[in-house]
Amino acid sequence: MDLKTENSSNGPTPEINLEKLRKIAAELILPGKFILRLLNAVLVFVTNLLARVFGSSLVRGHFHLMLSGLVLFGPVLSFWVSKYSIFANKNNFLYRKFLKSTWGWTYTFTGSFVLLLSMSAHHSLFLSLRHLSRIGLVGLLWWCCQRLLTVLEDAAGTCYEPMTPAQDIQGAASAVQPLLLLHEDLTKASCLKAKMMWRGCEVSQEVLILCLCCLLLIEEMSVFGDHLAQAKSLQRSPGGPLRFIFLLCVLLLAVWMFLLLCLLAHFPQFPSQQLGGALGYLGWRGLYQGLYRVKSSWSGPGLPGEGLFTTTDIDKQPQ
């Protein structure tokens, strides 16, 4: 039997048309490109707007005053919030995932932003590491504050075990207020782990790190507008990844502000929260308004944006 007649008897064979496949692929890719362009336009618009806001003298010069007012008068909100709210429970998702690792989230996002910004503005590994060291010094300060406050709290506080008195011996007044058995040589952590009562002078480390991270984010993000201005003058694009990580830093700042407000409103502790806020402010003041402004050492971290932008006057930053 002939080969052609055998193939024809098996039925028609479909022919693969590459041109048709290209057209189908182009039709499928076209909506995706449109969506990506739309998202990129939204990202550019939003980040440009936020860069102007955080780079303004109003925010850079007065954010710490707004934060101080929030820490001082935030506990007043406890008269209006509901005790049945989900944020009145410290076991909710935000407290467990964010509050207990505040510095880890801040270091990851802020460090990524500083690194991308430094490499985009000035392709120098040494300069990028120099600016990253600024974030490392804040982490070192937080670690020292944690250790020092733990030692002071253990030294200034005492551990008590509530003892329920016998009903046939004690009166009604004693039954209302149980006896307290003193336990010496116990730290605060071991006391609370044993489900006993700790009394003493405390400083809210949660409020301290939240205030410090908020001030850190404001300082580091404030120079993004200068970077956009320089990129525009050089006719260069800052790039989508840098804009995206900047937007994530803004969202992280909003989360920290919200958690700080929840702590002050639902769990007011006067004056430990105010002391924590004051220490966070002093830490920011000593680093960003003190140490980082010193010009004597070329190897110092310097201020955000120092040595990166030709159009930025660092010395004119608000005090």
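Helix 9 passes helix 11 in a left-handed crossing, meaning that the near helix is turned anticlockwise from the far one by less than a right angle. Helices here are DSSP runs (H or I, at least four residues), numbered from the N terminus.

This is a predicted model: local features need pLDDT of at least 70, side-chain atom pairs count only at pLDDT 80 or more, and totals for chains, interfaces and linings use all residues. Residues are numbered from 1 along each chain as its sequence is written, and side-chain values use heavy atoms, leaving out hydrogens and water.

Back to the helix pair. The axes of helix 9 and helix 11 come within 10 Å and cross at roughly 150°. Axes are lines fitted to C-alpha atoms over the stretch in contact, with angles from 0 to 180 degrees between N-to-C directions. Helix 9 is therefore roughly antiparallel to helix 11 (over 145 degrees).

Which residues meet? Helix 9 brings residues including Leu210, Cys213, Cys214 and Leu217, and helix 11 brings residues including Phe246, Leu253, Trp256 and Leu260. Contact means heavy atoms within 4.5 Å.

Trp256 touches Leu210, Cys213, Cys214 and Leu217, among others, and also Phe98, Thr102, Trp105 and Thr106, leaving aside residues up to four places away in sequence.

Now the core. The largest nonpolar core has 61 residues, and Trp256 is among the six that touch the most other members, with Phe54, Phe113, Phe246, Leu253 and Leu260. Such a core is a set of buried (under 20% relative accessible area, 1.4 Å probe, protein chains only) Ala, Val, Leu, Ile, Met, Phe, Trp, Tyr and Cys residues joined through side-chain atoms within 4.5 Å. Helix 11 supplies its largest share, 14 residues.

How values were computed: Buried means under 20% relative accessible area, exposed over 50%, partly exposed in between (1.4 Å probe, protein chains only). Helices (H or I, at least four residues) and strands (E, at least two) are DSSP runs, numbered from the N terminus. Angles under 35 degrees count as roughly parallel, over 145 as roughly antiparallel, 65 to 115 as roughly perpendicular and the rest as oblique.
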